[in-house]
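Try each task before reading its solution.

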Amino acid sequence: MNKKRIITSLLIASIIGVISFVSIFCGRRLFNYTGLTDAFFISGAIVVGIAGLIFTIRTGSFDVLNYGVYRLFESFKKGNEKKWDTALDYKNEQNIKREKNKIIYWPYFVVSGVFFILAIIFLVLFYLNIR
């Protein structure tokens, strides 16, 4: 089960990194060391940013907002059935779900580290003028 989560996180981080790299590299149309350096660096930053966003969401920072939006849409339904009585009940249930389904963050940092190392290598090659 743990290996499956590691592989899933690694695949997600890699797919995000590759898609962002290809879109930046081909979108800028700088097919040289400068374009490679920029694309690898920005892609690495995007992967780290995604890990940060996942961490922020998983800590429960938006639980009260989610509960408020849920209650707003629930007010348009017929009937008086409530799934959660208070925001604290909602937050406690979400914490239980988070404990059961843990996220592994280190694959995101590994993928971003590879992208950063590649950016540094192409930056060195740019300054050495190796073609």
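**Exercise 1. The largest pocket**

Task: Find how many residues line the largest pocket of this predicted model, and which of them lie nearest its centre.

Solution: Start with the lining, which is made up of 12 residues. Those nearest the centre are R5, T8, S9, N101 and I103. Next, ask which element contributes the largest share: helix 1 (residues 2–28) does, with 5 residues. Then sort the lining by class, which gives 6 nonpolar, 3 polar and 3 charged residues. Finally, the volume of this pocket comes to about 210 Å³.

**Exercise 2. The length of helix 5**

Task: Work out what span helix 5 should have, and compare that span with the distance between its end C-alpha atoms.

Solution: Helix 5 runs over residues 106–128, and it has 23 residues. The expected span is 1.5 Å times one less than the number of residues. For helix 5 this gives 33 Å, and the end C-alpha atoms are 33 Å apart, so the two values agree. Just after the helix, N129 takes a positive phi of about 55°.

**Exercise 3. Burial along helix 5**

Task: Say which residues of helix 5 are buried, and what covers them.

Solution: The buried residues of helix 5 are P107, Y108, V111, S112, F115, A119 and F122. Their cover includes helix 1 and helix 2 (33–58).

Now place L125, which is also found in helix 5. Is L125 buried or partly exposed? The cut-off for buried is under 20% relative accessible area. L125 has 21%, so this residue counts as partly exposed.

**Exercise 4. The chain as a whole**

Solution: First list the elements: the chain has 5 helices and 0 strands, in the order α-α-α-α-α along the sequence. For its dimensions, the C-alpha atoms fill a box of roughly 70 × 35 × 20 Å along the principal axes.

Two further values complete the picture. Buried residues account for 24% of the 131 in the chain. Of the contacts between residues at least 6 apart in sequence, 70% join residues at least 24 apart.

How values were computed: Residues are numbered from 1 along each chain as its sequence is written. This is a predicted model: local features need pLDDT of at least 70, side-chain atom pairs count only at pLDDT 80 or more; totals for chains, interfaces and linings use all residues. Side-chain values use heavy atoms; hydrogens and water are left out. On a 1 Å grid over the protein atoms alone, a cavity is a set of points where a 1.4 Å probe fits but cannot get out, and a pocket is an open set with protein on both sides within 12 Å along at least five of seven lines; lining residues have an atom within 4 Å of a point. Grid points are joined across faces, edges and corners, and a volume is the space filled by probe spheres set on the points. Helices (H or I, at least four residues) and strands (E, at least two) are DSSP runs, numbered from the N terminus. Ala, Val, Leu, Ile, Met, Phe, Trp, Tyr, Cys and Pro count as nonpolar, Asp, Glu, Lys and Arg as charged, and the others, Gly among them, as polar. Buried means under 20% relative accessible area, exposed over 50%, partly exposed in between (1.4 Å probe, protein chains only). Contact means heavy atoms within 4.5 Å.
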